[in-house]
Structures are given as structure tokens and as C-alpha cells.
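Subject: Structure handover

Hello,

Here is the structure for you to look over. My notes follow below it.

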Amino acid sequence: TTVPAAPAVHEAATRAATFDGLTELMIQRIVIGDDVAASKYFSGKPVDDPVREQQILDSVRQSAVQLGIDPDSTAAFFQAQIDASKVVQRGLLAYWAAHPDKAPTSGPDLNVIREKLDALTTQLLAELVRVDHLRQTGLRCDISLVVSIATGEIRHHLDALHRQAVRTASATVC
Ligand SMILES: C=C(O[C@@H]1C=C(C(=O)O)C=C[C@H]1O)C(=O)O
């Protein structure tokens, strides 16, 4: 019988994985920040909703335990995603306040947007499981992340505000 050497299997998995999937979902979540900002522009609701944030963080901690990944680093990752959304929201709301002619003329329902964000949370958790080993590879992690982010930023034609949000979102990945 041939027994596959565990380190070799791990090596192969490390080589194969990229952050492309994770960064794509992170950018999708950042872009949804535009809808959140439009919604809050009309409702006047504050950018920060600490209760909603705590619900998300508690929920992802529980999911992390079930999925076998570290709850602290999972919560830190999602805190960074929330912070990134707020970078976009603050940037757009400030811009629209200064240039009302550029402001949206209608805003989507925040509850509908939150359903989309919840669906993304599930997908992001699955990606965190997939790239878990890659997150602990030091320089290799940094390099993979830079490549995936650059690719995603180009694919999505992100402007300076949204690229700033990507930097915030990616701070805890490696
Ligand atoms: C996106 C929102 O705005 C903020 C960002 C959140 C997020 O990124 O999940 C959650 C709550 C708010 O502090 C929201 O209110 O839903």
C-alpha cells in the first residue's frame, strides 16, 4: 500500500490555493457599500450600527468553531470587512453632501441589502476555510494576496476610495 506523505499533500494544497476567490467576495462586499450609503443617504440612518455589527461578529465566531477555523482571526477578518464598508459609506456620504448633484436619486431598502451581505458572509466563511493554510505562510501569503488584490481591483475598475476600502478589508488576511 502507498501512504501519501502528509507534508507533500499539504505542500500541493498550499501551491494550488490562491486568494482570488476570497478577494472577489471581499470586493463584492465593498461594492455593496455603495448601496448601503445610498440607502442611508435617504434614511438618514448613521453609518455605524453597533448592534448589527455585534450580531455579525457573534454569528461568524460560532460558524468558525463549527467549520474548524480560528474564531478570533475569523472575527478579526469580518471586523475588517465591516470597517471597509464604513470607509466606502463615509467617503460617498461626504462626497454627496459636498456635491448633491452627484447624489443618488433613490436608495435601496437596507434590509434587502443586509440579506445580500448575509449571503456573502456564508460564502466568505467557506473561502476562509479553503485558504486557511495559506493565511499562515508568511511572505507567501503576502505575495499571493497582493497578486489577487491587484487582479480584483483591475477587474472591478475600482476607484481610489474603493481601493482604500480593499486595503482596510485585507489588513488581517495574512
Ligand atoms: C453595512 C452597514 O453599515 C455598517 C457596516 C456593517 C457591515 O459592514 O456589515 C454593519 C453595520 C454598520 O455598522 C449596515 O448598516 O448594514
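Start with one residue. G68 takes a positive phi of about 80 degrees, and this glycine comes just after α3. Helices here are DSSP runs of H or I of at least four residues, strands are E runs of at least two, and both are numbered from the N terminus. α3 itself has 18 residues. From its first C-alpha to its last, α3 reaches 25 Å, close to the 26 Å expected at 1.5 Å a residue. That expected span is 1.5 Å times one less than the number of residues.

Two points on reading the file. This is a predicted model: local features need pLDDT of at least 70, side-chain atom pairs count only at pLDDT 80 or more, and totals for chains, interfaces and linings use all residues. Residues are numbered from 1 along each chain as its sequence is written.

Confidence next. pLDDT is the predictor's confidence in each residue, from 0 to 100. The chain has a mean pLDDT of 94, and 91% of its residues reach 70 or more. For the complex, the predictor gives an ipTM of 0.99 and a pTM of 0.92.

Now the overall fold. The chain has 7 helices and 0 strands. Its C-alpha trace spans about 70 × 35 × 20 Å along the principal axes. Of its 174 residues, 25% count as buried, meaning that 20 or more other C-beta atoms, placed from the backbone, lie within 10 Å of the residue's own.

What surrounds the ligand? V36, V47, D48, D49, R52, E53, I56, I82, S85, K86, R114 and L117 do. This shell divides into 5 nonpolar, 1 polar and 6 charged residues. Charged means Asp, Glu, Lys and Arg; nonpolar means Ala, Val, Leu, Ile, Met, Phe, Trp, Tyr, Cys and Pro; the others, Gly among them, are polar. α3 (50-67), α4 (71-98) and α5 (110-130) each supply at least two residues of the shell.

Last, the core. The largest nonpolar core has 28 residues. Such a core is a set of buried Ala, Val, Leu, Ile, Met, Phe, Trp, Tyr and Cys residues joined through C-beta atoms within 7 Å. M26, I30, A84, V88, A165, V166 and A169 have the most contacts inside it. α2 (20-43), α3, α4, α5, α6 (139-155) and α7 (160-170) each give two or more residues to this core. α2 gives the most, with 8 residues. Look at V88 too: leaving out residues up to four places away in sequence, V88 touches I30, G33, D34, A37, L161, H162 and A165. Contact means C-beta atoms, placed from the backbone, within 7 Å.

Best wishes

Notes
A residue is near a molecule or strand if its C-beta atom, placed from the backbone, lies within 6 Å of it. A residue is buried if 20 or more other C-beta atoms lie within 10 Å of its own, exposed if 12 or fewer, and partly exposed in between; C-beta atoms are placed from the backbone. Two residues are in contact if their C-beta atoms, placed from the backbone, lie within 7 Å.
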